Amino acid sequence: MGIDEDCDDVNYTLSPTGTGICNVGGSGDEGGRDELLLKLQQYVASDASFTRQRIGRMLVEVFRTAANNGTKLNVSEVMHVVRQIADDTDAQIGLDLMEHIPHVVMICHETPHLFDNIFHNHLLDIIIRYLQDQDNQVRMMAQTAVLTLTKKGLIDNTTIEGKLCPVIETLCTSIDLLNSGISLMCKMAPLIGKELTEKIFLDRYIALCEDKEFYTRKFCASHLGELCAAVGRKTLFRKLFPIFVDLCSDKVWGVRKACVDVMMPVSCCMTLQHRRLLLAELLATHLNDESKWVRMSAFQILGPFISTFAKQFTEVTYNQHGELVFTSQQDNRFSIRYSYEGIFPTKCAIRSHTLDMEDHSSKDNFNSSVIIQKPILEDDEDESQEDISTMRAYKSKIQRKQLKNDQTLDHTENFNSFLYYYVEPDLPLDDELVEAARRSAAQNNVDRKPLISTTASSKASSLDAALKEDKYAADDIKNFNDQEIVPQHLIDSFLSMAEPEQCSGDMSPGDIPHHCAFSFPAVVLTLGRENWPYLKQAYQSLASANQWKVRRTLASSIHEIAIILGEELTIADLVPIYDGFIKDLDEVRIGILKHLATFLKILKPAVRLQYLPKLREFLTTDNEWNWRFREELATQLLDIVNLFDPVDVTRFIVELAIDLLRDKYAAVRHVALSLVTQIVAHLSNDRRLEKGLFRKLKCLVFTRNWVRRQMFAFVCANLISKNAISGYKFSQEMLPTLLQISSDKVPNVRLVVARTLSKNVIPMGSEWLGVKQAEEVENRLREMRLDPDRDVRVIAGGEENVPSDMLLPPKTKQPWDIF
């Protein structure tokens with residue numbers, strides 16, 4: 001339950017008195033005062049919990065009414081009632097009160113002369129009390145109230161330092177309330193500015209990060225990204241980042257996993273050099289962590305982390321929705337939002353510390369929707385020698401910790417229980433048996449091929465070996481280690497994700513390739529098309545993965561990779577994969593179908609033409625009830641009609657459009673209606689092809705299915721409204737058939753015909769349609785004004801009530817009777 005800051009229209013029948021003055025505990029009309037105050041007291045004394053829960057809403061109405069009428073309240077009497085309800089042990093009452101108190105504070109802030117200093121004298125104490133409540137939901141609602149009031153600027157720094165900080169200190173000393181204290185501290189930090197944050201929160205937070213209890217360190221690590229966004233650059237590098245390095249090397253895997261989860265928000269506060277030299281090394285250690293949960297989280301953020309090295313973007317940011325946002329270098333208004341539910345748990349705003357922002361107040365300049373306000377520069381000229389030496393010291397510390405972990409893993413064999421519990425046999429060994437065993441072992445060593453450890457480096461080596469046998473010319477092959485965009489070990493680890501057995505170990509084998517497939521377009525964009533040959537084999541492995549979710553993710557983004565690679569590489573490497581997806585499961589095919597037009601626009605016309613015969617395959621689905629699949633097909637056909645010449649459209653797309661126009665579901669027919677209109681306009685310059693299309697459309701009339709006859713009337717209306725047909729062609733090709741079904745025995749058909757004639761045909765005038773045809777339409781509308789159906793009469797321009805003896809019955813002969 002959250003606080004809706006814009007919800008001000010609450011009405012609980014607490015209207016002002018008849019004199020226009022709201023008297024609640026004040027002077028004036030005693031009856032009005034006694035009535036409202038008595039009502040509040042009755043609610044407080046009620047035995048029904050639901051009745052007592054209305055106190056918060058009543059307070060909002062009382063204060064708003066007093067503010068609107070300019071009536072000064074006797075606040076002490078009202079607050080006495082509020083304190084009584086605040087003593088209630090029902091958690092739902094506390095939730096309701098905390099939900100509405102911020103609204104009361106905002107009303108009082110707008111009219112301070114009416115309510116004295118009610119917030120600091122009364123309401124703040126109630127909020128502080130609920131911050132320490134035993135019920136978790138009540139505490140969270142109280143935190144939301146504090147954050148809302150802080151964001152609105154209704155809590156000054158003195159109050160935060162004098163009253164809220166002691167409460168947060170108390171929460172952080174309690175085992176049960178520790179998480180609430182750390183959460184409130186870190187969420188308030190970006191709102192109050194870096195100076196106050198460093199003054200009142202930083203030392204306490206660092207002390208908690210070094211606490212002996214692992215859950216305390218875990219809570220602190222999970223909120224580190226929010227605090228990094230709130231402090232200055234020097235404080236971040238000199239105080240918080242050393243703490244982050246220590247937490248990343250914590251002996252408890254839960255703490256290390258929490259550090260991995262916040263590594264993306266932390267990286268957004270870092271410069272490109274810091275990400276390259278420090279965070280990349282930390283992430284590498286987590287990718288080889290002994291805990292599978294830490295490794296899983298590290299692999300999840302690996303792709304997004306690699307994408308932060310892309311040179312095409314000047315900004316790497318988080319917004320208030322937890323989305324990673326990239327801003328283009330060419331156009332600051334263009335941005336890409338990178339959202340993956342479950343990967344980035346910190347839904348907080350992160351601003352950049354790339355440039356020195358010491359002179360800017362976070363409280364004044366903070367914008368939760370656009371976080372990084374200045375571009376990230378690859379070469380920061382302002383970076384001092386001290387920062388560079390500090391970075392080198394951190395990197396050495398990370399490498400020492402990594403080396404220590406590797407040595408620890410290597411020494412695990414020393415604790416093998418076999419070494420301690422092995423009992424040497426008393427009998428002497430058989431010399432012949434020992435000699436035979438030695439000969440067998442020697443022979444096996446000669447015949448057996450050396451085993452290569454399946455590490456990321458060996459994976460990259462195998463990719464290079466495979467590429468040398470590829471169709472690429474020798475001139476196109478280069479050493480992948482020459483790329484300097486992203487640290488090489490991160491690329492090696494990312495490529496290993498395509499083969500789950502290479503990196504998963506005891507992890508779920510389906511999750512790793514899925515994360516790899518999701519991040520693949522971002523990695524390709526980061527490395528550029530020149531490095532595609534080294535990513536191609538991994539992409540092909542993902543395209544043939546056993547898990548359909550991996551293939552679906554890849555199919556949904558193949559058009560993005562095609563845009564990055566360009567025409568030639570797309571035809572050579574992506575078209576075969578795309579063809580395979582067309583024959584895949586419906587869950588995979590829908591991914592390529594949604595971006596069919598985008599993909600075809602990238603191809604050469606000759607290659608694009610090869611896909612026209614394959615379009616009909618999309619009409620076949622595993623489930624006939626999957627009408628959204630056909631709706632998407634109609635939408636894509638609408639976008640690709642202009643990519644082909646009229647002859648090819650007539651040969652392949654027209655039949656598809658007619659079939660979609662006959663679909664059982666109205667949503668599909670509605671899109672097909674626009675598709676047919678687009679095709680008619682596209683064929684307008686070829687009279688022969690256009691006449692053939694009109695013949696096929698008129699076949700809709702000669703059917704016993706009234707919905708199809710109705711669709712013909714819809715087609716006529718749409719052609720006119722979209723200016724897709726001239727008056728002469730309409731009068732010669734479509735109008736005679738339209739008038740023919742105007743006497744259809746189904747009222748719904750006649751209704752659409754009447755609407756088409758009156759709303760579309762007649763307004764075009766006789767010059768557009770022709771004098772003779774216009775008179776014919778007028779005569780037919782005159783007849784339809786006497787139609788037996790009331791709705792048809794009204795649409796045709798007639799009266800709703802007509803004597804029954806004047807009504808004209810519909811003709812008994814129908815268009816399909818000729819068959």
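Is arginine 589 buried or exposed? In this predicted model, arginine 589 has a relative accessibility of 5% and therefore counts as buried. The residue belongs to helix H31, which spans residues 586–593, and its side chain forms a polar contact of 2.8 Å with the side chain of aspartate 586. The side chain of arginine 589 also reaches the backbone oxygen of glutamate 617, at 2.5 Å. When neighbours within four places in sequence are left aside, the contacts of arginine 589 include Phe581, Ile582, Phe618 and Phe629.

Salt bridges in the structure number 25. One of them pairs the side chains of arginine 217 and aspartate 250, with an N to O distance of 2.6 Å; the two residues are 33 residues apart, arginine 217 lying in helix H13 and aspartate 250 in the loop between helix H15 and helix H16. Arginine 217 is buried at a relative accessible area of 9%, and aspartate 250 is likewise buried, at 11%.

A further salt bridge, at 3.3 Å from N to O, is formed by the side chains of lysine 614 and aspartate 579, which are located in the loop between helix H33 and helix H34 and in helix H30, respectively. Lysine 614 is partly exposed at 24% relative accessibility, as is aspartate 579 at 21%.

Lysine 729 and glutamate 690 meet through their side chains in a salt bridge of 2.9 Å, N to O. Because lysine 729 lies in helix H39 and glutamate 690 in helix H37, the pair ties together parts that are 39 residues apart in sequence. Lysine 729 is buried at 17%, and glutamate 690 is buried at 1%. Both residues belong to a salt-bridge network that also includes Arg687, Lys691, Lys698 and Glu733.

Note on methods:
Residues numbered from 1 in each chain as written. Predicted model: local features only at pLDDT ≥ 70, side-chain atom pairs only at ≥ 80, totals over all residues. Heavy atoms only, no water. Helix = DSSP H or I, 4+ residues; strand = E, 2+ residues; numbered from the N terminus. Buried < 20%, exposed > 50% of the residue type's maximum accessible area, 1.4 Å probe, protein only. Polar contact = N/O pair within 3.5 Å; in protein donor to acceptor, adjacent residues only side chain to side chain. Contact = heavy atoms within 4.5 Å. Salt bridge = Lys/Arg side-chain N within 4 Å of Asp/Glu carboxyl O.
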